[in-house]
Amino acid sequence: GGVLFSLEEGASFWNQFLTWRIFFASMISTFTLNSVLSVYHGNAWDLSSPGLINFGRFDNEKMGYTIQEIPIFIFMGVVGGILGALFNALNYWLTMFRIRYIHRPCLQVVEAMLVAAVTATVGFVMIYCSRDCQPIQGSTVAYPLQLFCADGEYNSMATAFFNTPEKGVVNLFHDPPGSYNPMTLGMFTLMYFFLACWTYGLTVSAGVFIPSLLIGAAWGRLFGISLSYLSKGSIWADPGKYALMGAAAQLGGIVRMTLSLTVIMMEATGNVTYGFPIMLVLMTAKIVGDYFVEGLYDMHIQLQSVPFLHWEAPVTSHSLTAREVMSTPVTCLRRIERVGTVVDILSDTSSNHNGFPVVESNPDTSQVGWVLLARGWGWVHEPLTLHCASGNSQGPLRPPSIPGVMGGRWVPTQPGSALQEASLPRVFKLFRALGLRHLVVVDNRNEV
C-alpha cells in the first residue's frame with residue numbers, strides 16, 4: 001500500500017528503479033516498526049505485528065455482498081465524491097486565507113490553540129446534548145464512558161469523540177447493529193466534517209487520512225442503518241459493511257486515489273472479498289469529485305508551489321507548442337570550451353539557467369551531450385545526444401579544475417530533444433515518462 005501510495009500521489013515519473021527503491025524503503029520501515037512494537041508489547045523479536053493501522057477482519061459469512069448491492073455502492077461513491085469536493089473547496093479557501101493573513105508564527109500558534117479549544121468545546125457540548133446511552137452489558141467498547149448516562153450505560157457520542165480516530169473507525173466497522181443512534185451519527189458526521197476541514201492545513205503535524213475514514217465510516221454506518229429500516233432488518237443491510245464503503249468513498253472523494261487506496265483498505269481489513277466494491281466506490285468518488293474540484297493533495301501541492309507533474313497535461317495546454325513555453329535565449333557550451341568561459345557563464349547573475357546543452361560545431365557529428373551545472377556545484381543529469389550548430393573555441397573543458405565545481409562530467413546518450421512546433425502535451429509526456437528535468441528545443445535544422 002505504501003509503495004502504490006507513493007507512486008500514485010508523490011511521483012512525477014514512474015520507472016522500475018524508483019519502484020524498487022520505494023518498495024525497499026517501505027519494507028525497512030515495516031521491519032523497524034515491528035521491531036519497536038515487539039519491545040513495546042514486551043515480546044522482543046516477535047515481528048508479526050499488524051502495524052499501527054489495523055481495522056480488524058470482516059466475517060465473510062455475515063457480511064457478504066450480492067450483485068443487487070452494486071448500485072447502492074455506486075450511489076455511495078457519488079455521495080463520497082460530492083462530500084469530498086465540498087471538503088476540498090472549503091479547505092482551499094481556508095488555506096488561501098491562511099496564506100494571506102496567518103503567516104506569522106505567533107498567529108499560527110494562536111490558530112492551533114483556537115482549533116483545539118473549539119474542538120474540545122464542540123465535543124463536550126454534543127456529548128451533553130446527545131444523551132445517546134447504550135447498555136454496557138454485551139458491548140464491545142473497550143473503554144466505555146458513562147458521561148451523563150445512568151449506571152450500567154455508556155455514552156455513544158463520548159465514545160466517538162474520546163476514542164482515537166483509528167479506534168473509532170474500528171468501532172464503526174465492527175460494533176453490532178443498535179450500538180449507535182442515527183441522530184448521534186448524523187451530528188457527529190456534520191461536526192467532525194467541519195472540524196477536520198478546519199484542522200487540515202494548520203502548522204502542526206496532522207493529516208487527513210484517518211479523519212476522512214472516520215467521517216465516511218460515520219455516514220456510511222448511518223446509511224446502513226437507514227437501509228436496515230427500509231429492508232426490515234435484512235442480513236445484507238449490516239451497517240458495518242456500509243461503514244467500510246462510506247469510509248472508502250469519503251477518503252476517495254477527498255484525495256482522489258484509486259489503486260493504492262483499494263490495496264490499503266484491503267490490507268487494513270485483512271480481506272480481499274471487498275476489493276471489487278471498494279474499487280468501484282473509489283472510482284465513482286474520483287469521477288464525481290474531479291467534476292467539481294481537484295484532489296486535496298494536488299491542491300496543496302499547487303498552493304505550496306511544489307514542482308510536481310500531474311498524470312495528465314493541463315487542459316489549457318493543447319493549443320500551445322514547445323516554442324511558446326521554452327526558456328530563451330538558451331546558453332550553450334561547446335564540446336571544447338575555455339574554463340574561463342564556463343566560470344563567466346556560472347557567475348552571470350542575470351541568467352537563471354542551470355542546464356546547458358553541449359553543442360558541436362560540426363553538424364555531421366551527433367555525439368554531443370548535456371551538462372547540468374549549478375552555481376557553485378557541477379554534475380551531469382541524463383546527458384543527451386543531438387547535433388547543433390555552434391562556433392569554434394579553444395582549450396579543453398576540465399570541470400574538476402573549475403573553482404567551486406566538483407565532479408563535473410558528461411556522457412553522450414540517446415537523443416532527448418523536441419522540435420519547436422511540438423505540442424505542449426507531447427512535451428509534458430516526455431517529462432513525465434522519462435523523468436526529465438530539462439529538454440532541449442531544436443528547429444528543423446536541429447539547432448538549439
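Cys-197 is buried, at 5% relative accessible area. Buried means under 20% relative accessible area, exposed over 50%, and partly exposed in between, with a 1.4 Å probe and protein chains only. Cys-129 is exposed, at 57%. The model is predicted: local features need pLDDT of at least 70, side-chain atom pairs count only at pLDDT 80 or more, and totals for chains, interfaces and linings use all residues. Residues are numbered from 1 along each chain as its sequence is written, and side-chain values use heavy atoms, without hydrogens and water.

The structure holds one disulfide, defined as a pair of cysteine sulfur atoms within 2.5 Å. This bond joins Cys-133 to Cys-149, with an S to S distance of 2.0 Å. The link of Cys-133 and Cys-149 is left-handed, at -85° about the S-S bond. Helices (H or I, at least four residues) and strands (E, at least two) are DSSP runs, numbered from the N terminus. Cys-133 is partly exposed at 24% relative accessibility, whereas Cys-149 is buried at 10%.

Seven salt bridges are found in the whole structure. A salt bridge is a side-chain nitrogen of Lys or Arg within 4 Å of a carboxyl oxygen of Asp or Glu. Arg-98 and Glu-111 form one, at 2.7 Å from N to O. Arg-98 lies in helix H3 (residues 70–101) and Glu-111 in helix H4 (residues 105–130), so this pair ties together parts 13 residues apart in sequence. Both Arg-98 and Glu-111 are buried.

Asp-290 and Lys-286 also form a salt bridge, at 3.1 Å from N to O. About one helical turn separates them, because they are four residues apart in helix H11 (residues 275–292). Asp-290 is partly exposed at 38%, and Lys-286 is partly exposed at 29%. In the bridge of Arg-334 with Glu-337, the closest N and O atoms are 3.6 Å apart. Salt bridges that share partners join Arg-256, Lys-286 and Asp-290 into one network.

Aromatic pairs number 19. Rings of Phe, Tyr and Trp (its six-membered ring) pair if their centres lie within 6.5 Å; planes under 30 degrees apart count as stacked, over 60 as edge-to-face and the rest as tilted. Phe-5 and Tyr-297 form an edge-to-face pair, at 6.1 Å centre to centre and 75° between the planes. This pair links distant parts of the chain: Phe-5 is in helix H1 (residues 2–9) and Tyr-297 in helix H12 (residues 296–303), 292 residues apart. Phe-5 is partly exposed at 24%, and Tyr-297 is buried at 16%. Phe-223 and Tyr-242 form a tilted pair, at 6.1 Å centre to centre and 55° between the planes. Phe-223 is in helix H8 (residues 209–230) and Tyr-242 in helix H9 (residues 239–255), so the pair ties together parts 19 residues apart in sequence. Tyr-242 is buried, at 0% relative accessibility. Ring pairs also link Tyr-65, Phe-73, Phe-75, Phe-223, Tyr-242 and Tyr-274 into a cluster.
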